[in-house]
Every structure is written in structure tokens, then in C-alpha cells.
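These are my notebook entries on one protein structure, written down in the order in which I looked things up.

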Amino acid sequence: MEEQQSLPPHVLIFPLPLQGPVNSMFKLAQLLCYSGLHITLLLTENIYNRLVLHTDITSRFDHQFHGLQIKTISDGLHDDHPREGSKFMEVFESLRTKTKMLFKDMLTSDLLCDGGRRRRVGCIIADGILGFTCDVAEEIGVPVFCVRTISPCCLWIFFCLPKLIESGEYPFKDDDLDEPIRSIPGTETFLRRRDLPGFCRSGDLEDSNIQLFEIEGQENSRGYGLLLNTFEELDSPILNQMRTICPNLYPIGPLHANLKKKLTIENTSSRSSSSSLWTEDRTCIDWLNNQLPNSVIYVSFGSVATMTNEQLMEFWYGLVNSGQRFLWVIRPDSIPGEDWKTKIPADLAMGTKERGYIVGWAPQEEVLAHPAVGGFWTHCGWNSILESVYEGKPMICWPYFLDQQVNSRFVEKVWELGLDMKDTCDREIVEKMVKDLMVVRKDEFLERANHMSKLAKNCLMEGGSSYSNFERLVKDIKSLSDKV
Ligand code: UDX
């Protein structure tokens with residue numbers, strides 16, 4: 001036991017098996033490692049296999065982060081079971097019912113102790129939506145911190161779902177999606193029905209999403225504290241609302257920038273390594289190197305969103321007709337069941353050759369940091385928003401699902417950092433918005449984006465809000481682990 005206590009505290013991090021959460025938890029794992037903790041990053045086998053295929057994770061952490069070990073666990077589904085987009089609820093259900101026991105067995109065995117070179121796990125950081133991790137932690141007496149990688153503004157709506165139902169505002173009484181929502185404290189002046197999380201449109205109280213997220217509000221406050229990838233200066237009104245239910249918050253973001261800064265200080269590599277589930281096409285950086293400052297709009301709809309062939313055509317014509325230069329990520333699975341490359345109209349091919357560049361997956365953080373990029377047309381995944389905010393890039397928002405409908409409203413109405421085109425995908429609207437963002441209202445948007453970017457940078461400096469919250473988190477983990 002004494003020998004054990006001389007070793008650093010050992011923290012297990014368990015992200016939700018999706019690109020966004022995996023990305024940010026990789027960053028958190030590395031940051032905690034730099035603070036002298038031993039970390040086990042627990043990934044589902046499916047996610048781990050994809051990372052091995054597309055990144056250098058197996059060699060990278062052996063050299064750079066000795067305190068970080070990666071372990072895998074089954075998500076309970078067959079290897080070839082579809083896990084993308086709409087199938088994710090099946091993954092979630094399987095994690096809840098089948099992975100729970102495996103998780104408990106793992107924590108109560110010596111499997112994670114690396115032959116005595118690590119203490120037993122003294123603290124768990126798990127995605128707040130994986131409520132079973134809190135059950136297991138309680139059963140075996142290990143403290144748990146919940147972490148949420150979606151936006152706090154959407155999480156707050158999840159917290160308020162019971163209120164929304166009690167007030168009679170949900171399910172909606174008619175089809176008017178522009179009707180204001182009044183029962184969510186702090187958002188009364190700008191939130192409409194159409195800005196609620198996408199699944200609210202089903203209008204069905206029995207919908208599995210509604211039931212899951214309603215319960216989830218309570219799950220998040222079961223841990224010792226709740227970690228959020230945001231910073232006080234961006235989200236303070238919403239964070240203050242959340243503190244009424246969940247008092248111990250740790251807003252420690254933007255995590256990607258926090259890690260980048262740490263890597264620079266440690267003189268390791270200023271470019272943080274990829275945890276992409278697709279292979280990055282770096283030729284787009286060469287293309288950007290040949291463009292003028294602020295002249296390119298970067299277009300990417302994240303790792304899950306898909307579009308129909310009709311939507312693809314409207315977006316593409318809108319972009320080409322705007323006359324602006326564009327870099328567009330179209331993932332191999334972006335247009336399900338369609339081989340879009342075989343039927344590209346000649347005028348689009350020509351316009352793209354002149355002013356555009358398309359890749360299957362980009363090194364997004366590097367793209368957004370590039371001086372040639374002057375705007376970002378995004379699906380409003382939370383990581384994408386934070387990456388854009390940090391680099392001071394104004395946004396056009398085309399939300400796809402979940403928190404993205406809420407985030408896009410905040411981008412336009414609360415932070416005033418861009419334009420929300422939710423529920424439309426018409427070439428004329430795309431053309432107008434791209435011109436507005438990149439030309440007509442460019443200065444106005446850039447000024448606000450630069451201001452928010454400065455705040456994001458300052459919060460990571462010594463004494464800044466996220467810097468101090470991170471220090472507090474490490475201190476709390478150490479003292480809780482010592483008591484286990
Ligand atoms: C999912 C949900 O869709 C989102 O709503 C939630 O906020 C987080 O989980 P995802 O579609 O993965 O998000 O979007 P996002 O959160 O933006 O994460 C995508 C990540 O992939 C970003 O970190 C981005 O930098 C990276 N990315 C994206 C690339 O590295 N290359 C690309 O070409 C596109």
C-alpha cells in the first residue's frame with residue numbers, strides 16, 4: 001500500500017465513442033499527464049482500431065507520454081455492426097447493457113495496474129451520458145467526475161427538459177417552429193422551438209432521445225464535479241444557470257488550445273497530434289499556402305452529419321456562385337449511397353477548379369489557424385465551434401442534429417459571430433450568406449471574432465479562468481485519489 005502511494009494518482013478517462021468526444025478526451029488525457037498524473041484512456045475496440053488505421057497513436061504515446069496508457073473495451077456489438085449517425089443509439093444501448101459489467105471487472109482487477117507500476121484507479125472521468133460509469137464508481141468506492149463534450153448551452157436545455165414538459169411548451173402544440181420558448185431560464189429572449197435540440201421535433205414524449213436526455217440532466221450532477229470544454233468568458237450566463245443544479249463546474253476549455261499551448265511550452269511539437277478517425281489529406285495546406293489572407297471559406301460538417309445529393313448540389317452551386325474561394329471537406333460517407341464524384345455538372349467542376357479545393361478529411365485545427373481562411377461554414381459541432389472561436393474565424397451555421405441546433409442560435413444571436421442558416425439549404429441563401437460573411441459584413445464579423453479569440457487565448461494564460469480551473473481540477477483529483 002505504501003509503495004502504491006509513492007506512485008502518481010491514476011485516473012481512468014472513458015469518452016463517448018464518437019469523433020468529437022474522443023478528440024477532446026485525448027487532449028484532456030495528455031494535459032493531465034503533463035500535470036504528473038498516470039492516465040488510462042479507455043476506448044471502445046471499434047474506435048481504437050480506427051485510430052490505429054488512420055493515426056500514429058500506437059507509437060506516439062510510447063515516446064511522448066509515458067504516463068498515458070490506452071486500454072480497450074468492447075461496445076458489445078459485432079465488428080461489422082453500423083455505428084454511424086442514426087445508429088448511434090444502438091451503440092449507446094449496448095454500452096449501457098453490455099459494457100457495464102466489463103467496465104466493473106476491469107476496475108476491480110489488476111488489469112490496469114501495469115504489473116504494479118501504476119496505482120489502482122483512484123479517480124474516473126467519464127462522459128456524463130454514460131451514467132453506468134457512475135453506478136460502477138459508487139459500487140466500488142472510486143470518485144467520479146463527469147465530463148460533457150457537447151456545448152453547455154445545449155446541456156442546459158437537457159437539464160431543463162422536465163421544466164419544458166411541465167410548462168406545456170413541449171411537445172409543441174402546433175407546427176410553428178418560430179414560436180419563442182419561455183421556460184428555459186437565461187434563454188427567454190432568443191430561443192425558438194426550432195433552436196431546441198434536433199430530436200425535440202419528433203414531438204413524442206416516448207422518443208428514446210427525449211427519455212435519455214431527460215434522465216441525463218440528473219446523471220451529470222452525480223459526480224464530484226462536471227468538466228466542460230468551454231471558458232467562462234464565452235459561456236458565463238449559462239454556466240451560472242448550470243451552477244444552480246450542478247455547483248462544482250470545471251470549465252477548462254478550449255482543450256485543443258490548452259494542449260497546443262502546453263506542447264509549445266514543453267518544446268515538444270507545436271502541432272498537436274491527430275486523433276482522427278479518417279486519414280487527413282494535408283495537400284489542402286499546400287493549397288491554402290497559395291491563397292491570400294482571409295480569402296477562403298472553409299466548409300466542413302464534422303464527423304457524423306450526412307447530406308442528400310440534392311443538398312450537395314444546392315450547397316455546391318451556392319458556393320461556386322458566391323465567387324469566393326473555398327476548401328470543402330466531403331467525407332467518404334458524407335452522401336450515403338451516392339457516388340457523387342461520378343456525376344459532377346460541368347459548371348461546378350469548372351468553378352471548383354478555379355476557386356475551390358475538396359478533400360475527404362482535413363487537419364481542421366491547422367486549417368482554421370491558417371491566415372488564408374477567413375470564415376468557416378460549419379455544422380456547429382461543439383469542437384468545431386471552439387476551434388473556430390479560438391482562431392477568430394466567423395461562421396455560417398448549418399446545424400445537423402443534437403446540440404448543433406442550439407449552438408447555431410448562440411453563434412448568431414448571443415455571440416454574434418456569424419449567421420445561422422438552419423432548416424434551409426437553398427443555393428441562393430448559401431450564395432448570399434457566403435458573400436455576407438466573406439465580403440459585405442466581413443469587418444463587423446472579424447472584429448467580434450478577434451475579440452472572442454483574444455478572450456479565449458487569455459483564459460489559458462497563468463491566472464486566466466480555464467488555467468485556474470484546470471489547476472483546481474488537478475488538485476482535487478490528487479486529494480480525492482489519495483483517500484481511495
Ligand atoms: C459530435 C456531435 O455531432 C456534435 O454535435 C457534438 O457537439 C460533439 O460530437 P462531430 O460531428 O464529431 O460532433 O463534430 P465536432 O464536435 O465539431 O468534432 C469534429 C472534430 O473533427 C473536430 O475536432 C474537428 O477538428 C475534427 N475534424 C473535422 C477534422 O480533424 N477534420 C475534418 O476534416 C473535419
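This is a predicted model: local features need pLDDT of at least 70, side-chain atom pairs count only at pLDDT 80 or more; totals for chains, interfaces and linings use all residues.

**Entry 1: the domain interface.** I looked up the area first, and found that domain 1 and domain 2 bury about 1,200 Å² between them, with 63% of it on carbon and sulfur atoms. Buried area here is the accessible area, taken with a 1.4 Å probe, that two parts lose on being put together, summed over both. I noted that Asn229, Phe231 and Leu234 supply 38% of the area that domain 1 buries against domain 2, more than any other three residues.

Residues are numbered from 1 along each chain as its sequence is written, and side-chain values use heavy atoms, with hydrogens and water left out.

**Entry 2: where the domains are.** The domain assignment gives domain 1 as 2-149 + 221-253 + 462-481 and domain 2 as 283-457; such bounds come from an automatic or database domain assignment. I read that their C-alpha centres lie 31 Å apart. Counting contacts (heavy atoms within 4.5 Å), I found 15 residues of domain 1 touching 13 residues of domain 2.

Entry 3: How many salt bridges does the rule find across the interface of domain 1 and domain 2? It finds one, where a salt bridge is a side-chain nitrogen of Lys or Arg within 4 Å of a carboxyl oxygen of Asp or Glu. I also looked for polar contacts, and the rule finds four residue pairs across this interface, both residues at pLDDT 80 or more. A polar contact is a pair of N or O atoms within 3.5 Å; within protein, one must be able to donate a hydrogen and the other to accept it, and residues adjacent in sequence count only if both atoms are side-chain atoms.

On the side of domain 1 that touches domain 2, helix 2 (19-34) and helix 10 (232-243) each supply at least two residues, and helix 2 gives the most, with five residues. Helices (H or I, at least four residues) and strands (E, at least two) are DSSP runs, numbered from the N terminus.

**Entry 4: the ligand.** I listed the 23 residues around the ligand, of which Ser303, Ala362, Ser384, Glu387 and Asp403 come nearest; a residue is counted if one of its heavy atoms lies within 4 Å. The side chain of asparagine 23 has an N or O atom 2.7 Å from an oxygen atom of the ligand, and for the side chain of glutamine 404 I also read 2.7 Å to a ligand oxygen. For glutamine 364, a polar side-chain atom lies 3.4 Å from an oxygen atom of the ligand.

**Entry 5: backbone details.** I found a cis peptide bond joining tyrosine 170 and proline 171, with omega about -5°, and proline 171 sits in the loop between helix 8 (161-166) and helix 9 (208-220). The peptide bond from glycine 253 to proline 254 is cis too, with omega near -5°, and proline 254 lies in the loop between strand 7 (249-251) and helix 11 (255-265).

**Entry 6: one more salt bridge.** The structure holds 30 salt bridges, and I looked up the one between arginine 148 and aspartate 127 (3.3 Å, N to O). Arginine 148 is in strand 5 (residues 144-148) and aspartate 127 in strand 4 (residues 123-127), so this pair ties together parts that are 21 residues apart in sequence.
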